[in-house]
Amino acid sequence: AGRLGQSLRGDVEQRFQAMPRGIRLAPERCNLYAQLGTGAESTVEGSVDIGGQEDLHTTMLRRAPSKRKSLASHVGLVALGLAAACLGCLGAWLSGYGRRLRPMPAHQFESKEESKTDEPTWVQTFATRCGKMDVDVEYQAETSGWGAQFDHISTPEMCCALCHGNPKCKSFTWVKDAGLDGCPSQCWLKGGSGKPLKKKGLVSGIPPPRPQLPEVPSGIDGPGGTLWCFSLMQPKGYEKGMLQWQWARRASIFACDAFGVYSNKKINIAPGVTTSVVDSDLKCKFGGDSGTALNAWIFIAVWQQVIADADYKTYAWVVKVDPDAVFFPDRLGRLLQGREKAGYINNCKYGMHGPLEVFSSQAIDILADDYNRSWDGKAPKRCVEKRHFGLWGEDMFFDQCFKSVLKVKPRPLEPMIMCEDHCDCPSWYWCQNDTKRVSYHPFKTTESYEVCMARALGGTPDGPVPPTSDRIAQLKAFIESSDQSSDKEAEDSADDEASGVTSATDGNRSCIDAVRDGRPIRGQAKCAKAVKWAKEHGFFEHKEWYKGTGLSAESSYADFQLYLHEKKNVGCPKPCSTKGSEKEEKEKKEKREEREEKEVKEEKGEKKENDASDEESDEEDTEEKETVKQESDEKNDDTVEPTKETKKPSANTEGEDKKKMPPPGPRAQTFYMYRAQGNADYPLENINTADLAGVMWYLHNEVVQNTPRKYHVDRIKRYKVTVQNTWEFWNAHKRQFSAFVAYDAGRCSTPICKDIYHHYGFVVGCQVCDTNVAAYLAKDQTNWNCEKGSDKCRAGIWYSLPGPCPAMGMSNNEINPNKDSLNVMKSKDPKCVKRMPGGHCKDATGAPDCTYSYEEAGEIMLNELVGIVDYNDFWNTSFTRCAHKAKKSGGHVSDCKHQKEYVRKLDTGIGCSFWDGIHGKDKCADRMNAVRRLFKKHYPAFPESLPEPPCEFDMYYNGEFKWKINHTGAEPSDWWDQRM
């Protein structure tokens, strides 16, 4: 929490990075749900998939589905569950909510158990499936560059299972008490074993060897009757990859007698496997009394399509399988042997649960009759009318629909159908509960899925490797081919109006815009893919390819399509948006060539003779843009790069509209950064800073709520900073800022720091603050990942500034957050400092070791800002004086109040009103203006404020740091040869 304050100590509550995926936590009855999957991905909030999971582009923890109950026993089971939950570690979760997953090195935290010397850290009361485990030991000095962290993991055994499911994980450390709300335990996964170090309150270990996957048994012609199995798949995210892995190994639904895959668009998954299209956007919200995904309407649409396709009718059983459920159809066939082929199977003692649902075909026929009763055939009429399903998930809705409305009775409970935490299946994460278990859930990466399946099938590390499936080679060729792009493009979209198809006939020639408003057009996938790559990547990465073509960064998609059409090597049709007479096209081409020639001269350093020629050139560009606009019947938004970059700040605002957009590439941007700290003196290196909104967010949310103030923070320091990141980073991302990384005591504690700086140089990073925590908003738009006009568009920003040898720093024992200064350089190797000098330099140039420069721009004291004369008297001695006075006068000491700047529960201060109203936008704006006025009062030579650039970083891509470094546009630098 001291990241923006005096201390540089790590704070486990404020990390915001590309995070490992894979944990869900329930808010009730301590229902912990760990999804085994730890691949790092970027953050896209608010996307919920059809199975009640978050899309794995999202890394935010959320509440998981609680246990299902029949309506009749709801109250009793809730009481029983609440009572039972209080017995163990997981019961503590009743008071907490989900937290973010955050990657961090395992050696960044000290367990609170160190002070509890009388209590054993861990006593193994059951047989472990884990390998070596050392109690009161931490494996430190981990230098692999990879790590992941999971909160609220109740046992070392489960921590070991998380490590076992990820091939990158070589060791783990479990923290008994990490100081978290609710269940306080934490799990760290590490890419190396490190050296053991005695440390109370921690358990470290090595995962057992990962087993070989045996040949997956087939469920075709099983003894229990034929199976028709299907899955519903999100068009984006991890589920397609899961289904491809299953297809290649003839596993899960692809081991049934027949199968189907559904999505909301036509997608080619594997050779001969194409989705059936569902009339739904596959999005839902969370809510209801159980905090589940309210996805009933989604599956109403799915079952409508299943019934319409009627593929199930020739099979005895219909099985709905989530893509992340490890499913064995052969075991299901044996389990169904001798059962009447009617009704449906109850798979959980709390009611039917969604990951794997088993229905008889007869039951689906009865459901189809109810669909036919509705006026449009799109919903089961009686079930919709008689059940308040708006606050239910699909499993509860269809359970109630069949059982209570359609009178299709469930078969007796069959607990062997599914093993997961929500149905109280013990140690589900080891996938070895019983050789008859039909499924295990959830496993959200192919690696963890394969490990689970291998363990369930009795695979061993030295077991025989099954013959390579012919499908694996087929799938590889399929993925590498260009014929499976329908899932990435919109060629098969049923929404023609949204696609905006443009087609016209000009004599014997046809014209089609392959890309409209940045979106591919149906039927033009191959051309659209080429056009989008050329405009969004090719032009910037290979400018030499486009010399003399007349194309520029401002050219539209249609302009690039016309270029490709004329080359005739992609098969692009002539675009409509640029259609005109031959004379008009020739004139436009000549003007573009003139501009291209001028740009070439400027690159060679030739100067313009006078300002008049500048104005004339600008007028020509303006005339050309107006000509293009008049030729098109639509507003063309494609002339501006989609990165939405702001203009470089300028004091001269006259004639701003006439100025050209800045050329593409990393720009020097000058703006204010702030830090909240005490009487300390740190260089702005290997440190985190903020804009004004961000530093006020930090002060209000973390500092002034503590008495005395956290880390003795007593001032706000301001810096005038110029940032210019590297061409190497720009060529890969087309962004001005990299991702925010965390610094603790002068050391970067985010696992991918080394990869970032080694690949792109010492780039400055950023992240936006959560406006739901505090309503501090910037003057300028700081965030593009937001709904237009929303507060999120002006959220505060935190920055990360890389300094010398960021991989090294002080140990936790050496960090004293309340010292006036800390020598953070003493733990850095001189060789490392020389070879990895950081990004700070005198004047930022965009070189890999010169990405930012700064000058101090003053500091203001919090006491003066808030209106406190003597802070120690305010929070401390004033109460003592009042108490003495009360005792002498016969009054009550209880009438005396401990004064506090801000109390979160009250949303006010006691004896101080400055911080009242953390969510009031007007009050937050008033506080920010008070800061600006105070800086202006003491430092009148500096502008009160400077324009802020947006934090527009998108994400780091899977395998990105293995890409070849693109030095296009960059000046040569010796640093690339000396870097560590």
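**From a packed helix to the cores**

In this predicted model, the buried residues of α18 pack against α17 (727-733), β30 (738-739), β31 (743-744), β32 (747-748) and α23 (975-978). The buried positions in question, within a helix that covers residues 753-760, are C753, I756, Y757, H759 and Y760. Just after α18 comes G761, which takes a positive phi of about 85°.

In soluble globular proteins, nonpolar side chains tend to be buried together. Here the largest nonpolar core has 42 residues, and M696, L699, I716, Y776 and W915 are those with the most contacts inside it. At least two residues of this core come from each of β27 (669-677), α16 (692-703), β35 (852-861), α20 (862-866), α21 (871-889) and α22 (921-938), and α16 gives the most, with 8 residues. When residues up to four places away in sequence are not counted, L699 touches A676, V704, V713, I716, L862 and W915. A second, separate core of 38 residues includes W174, L213, C419 and C452.

Is S878 buried or exposed? With a relative accessible area of 15%, S878 counts as buried because this value lies under the 20% cut-off. The side chain of S878 reaches the backbone oxygen of D873 at 2.9 Å, and, once neighbours within four places in sequence are left aside, S878 is in contact with D873 and Q899.

Notes: Residues numbered from 1 in each chain as written. Predicted model: local features only at pLDDT ≥ 70, side-chain atom pairs only at ≥ 80, totals over all residues. Heavy atoms only, no water. Core = buried A, V, L, I, M, F, W, Y, C linked by side-chain atoms within 4.5 Å. Buried < 20%, exposed > 50% of the residue type's maximum accessible area, 1.4 Å probe, protein only. Helix = DSSP H or I, 4+ residues; strand = E, 2+ residues; numbered from the N terminus. Contact = heavy atoms within 4.5 Å. Polar contact = N/O pair within 3.5 Å; in protein donor to acceptor, adjacent residues only side chain to side chain.
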